[in-house]
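Welcome! Here is a friendly first tour for anyone who is opening this entry for the first time.

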Amino acid sequence: MDQRQTAIVDNPDPSQSLGQISHLALDIGGSLIKVVYFSRNRDSSVDHKGESSSNDNPGVFNGNRKHTVLKGKLHFAKFETSKINDCLEFISSKKHHLGGFQHHENPAKDKKFIKATGGGAYKFAELFKEKLGIGLDKEDEMDCLVAGANFLLKAVPREVYTYVDGHKEFLQIDHNDLYPYLLVNIGSGVSMIKVDGDGKFERVSGTNVGGGTFWGLGRLLTRCKSFDELLELSHRGNNRVIDMLVGDIYGGTDYSKIGLSSTTIASSFGKAISDNKEIDDYKPEDVARSLLRMISNNIGQISYLNALRFGLKRIFFGGFFIQGHPYTMDTISVAVHFWSKGEAKAMFLRHEGFLGVLGAFMSYAKHSLDDSVVNQSMQSLVNGSYASDTNYNPQNGDWSDNESIPCSLYTA
Ligand SMILES: Nc1ncnc2c1ncn2[C@@H]1O[C@H](COP(=O)(O)OP(=O)(O)O)[C@@H](O)[C@H]1O
Ligand SMILES: CC(C)(COP(=O)(O)O)[C@@H](O)C(=O)NCCC(=O)O
């Protein structure tokens, strides 16, 4: 059975075409709530008698257990954490429309629980119970980030890319040569995790100067109303208006003895010391540009230093701060390249912001109500295909907002 054939064409109004939602997971972070849910194709249930293995789904079936294959799609959504009510409404609408998140065949097993990770799984647990009557089954944030990253790296084609000189270059990851690597998740704050295998990791560092800092400071300094507006501003700005460059200090020349060119930033925002200007005298786009550069550069440098600490050559960057934004990725890539003298590589993930929630979703397989078999959702997604998904544009490797992944879940 080729999983490619299971993909359905997305409908612009998903509520009109979704089959029953059987699993939904949340990652409630400091800035954003990420949602992943599985919708089953209307006529998708296939029962299999257990066999030791099958060519199509190697390692999926074992013993004499009977498994049900649920074919469908994974859908992604995000909400601002400050607008959690929108998220509650969204979940409520799905619950209402699709009859709740029940066990697909045995409603008696339904415990009305959703897998959830991130700090908000603790902070908002009561709210979910009160407003939706749903409990949050908490999964550790770091466990989920690593599980989500490993899943994407191993199972999803065209997931990883480098960003060099304005171009994305997609990389094929060799599953046998994946570990160890450094995972840098740039959310509100930044976590740096050394990953040695499935479930084998250590959070080695972090920094409080992250995506929340960029958005928070940027909002105060530019008065812009949305994160996207701030990014758009930074796109148009010129950081040299505010940043103090080596050339500004050295009379226009390089400081070549220590490897610094005249255009290297010597001091972010340093020109503001002597310009005798107030914040309103600077263009918001220039401020946004300097800020983005300062924070991206700093994260790139700390990441490299941690990679150096543990002799890691590969650094994967995730988190919604990146947003596939060219200037952010370019700054991080250049910082890693510069500090490592070309030894280490910055790599990015297409599903950058969904690592944690994918990990939470996969934990249904680990200890789910319906005894799904560990890794089977992952295995099925290994066999999943993007080829027939209309949202995917293979020309540039981008996804539309409405992206979904064709997949199958295996439940016992
Ligand atoms: N629409 C948005 N609203 C707010 N922040 C956004 C948005 N899109 C991207 N971001 C950036 O992403 C960061 C949050 O990333 P995320 O990985 O979701 O972390 P968290 O789990 O802490 O919410 C924000 O701090 C901000 O820098
Ligand atoms: C506390 C967090 C793990 C929460 O995750 P987030 O919501 O930012 O994705 C993260 O913000 C973080 O790692 N902050 C950096 C803290 C530090 O190491 O200094």
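The notes below go through the domains, the core, some strands and a ligand site.

Please keep in mind that this is a predicted model. The domain assignment of the chain gives two parts: domain 1 (20-42 + 65-158 + 354-382 + 404-411) and domain 2 (211-242 + 282-349).

**Domains and core**

- Where the domains touch, 6 residues of domain 1 are in contact with 7 residues of domain 2.
- On the domain 1 side that touches domain 2, there are 4 nonpolar and 2 polar residues, with no charged residues.
- The largest nonpolar core has 90 residues, and Leu-183, Ile-315 and Phe-317 are those with the most contacts inside it.
- This core lies between domain 1 and domain 2, because both domains give residues to it.
- Leaving aside residues up to four places away in sequence, Ile-315 touches a list of residues that includes Leu-182, Val-184, Ser-303 and Ala-307.
- Also among the residues that Ile-315 touches are Val-336, Ala-344, Lys-345, Ala-346 and Met-347.

- Strand S7 (residues 160-164) and strand S8 (residues 167-171) run antiparallel and are joined by 5 bridges.
- In this pairing, Val-160 stands opposite Leu-171 in S8.
- The hairpin of S7 and S8 has 2 residues between the strands, and Asp-165 takes a positive phi near 45 degrees there.
- S7 also pairs with strand S15 (residues 345-349), in the antiparallel sense and over 2 bridges.

**A look at Ile-21**

- Ile-21 is found in strand S1 (residues 21-28).
- Is Ile-21 buried or exposed? Ile-21 has 22 other C-beta atoms within 10 Å, and 20 or more make a residue count as buried, so Ile-21 is buried.
- Ile-21 and Lys-73 are 52 residues apart in sequence, and their C-alpha atoms are 9.7 Å apart in space.

**Around ligand 2**

- Which residues come nearest to ligand 2? Of the 13 residues around ligand 2, these are Gly-29, Gly-187, Ser-188, Gly-189 and Gly-206.
- Strand S10 (190-197) and strand S11 (200-207) are the elements that give two or more residues to this shell.
- Sorted by class, the shell around ligand 2 has 11 polar residues, 1 nonpolar residue and 1 charged residue.

Definitions and conventions: Residues numbered from 1 in each chain as written. Chains lettered and ligands numbered in written order. Predicted model: local features only at pLDDT ≥ 70, side-chain atom pairs only at ≥ 80, totals over all residues. Near = placed C-beta within 6 Å. Helix = DSSP H or I, 4+ residues; strand = E, 2+ residues; numbered from the N terminus. Nonpolar A, V, L, I, M, F, W, Y, C, P; charged D, E, K, R; others polar. Pairing = 2+ DSSP bridges. Domains from an automatic or database assignment. Contact = placed C-beta atoms within 7 Å. Core = buried A, V, L, I, M, F, W, Y, C linked by C-beta atoms within 7 Å. Buried ≥ 20, exposed ≤ 12 C-beta atoms within 10 Å, placed from the backbone.
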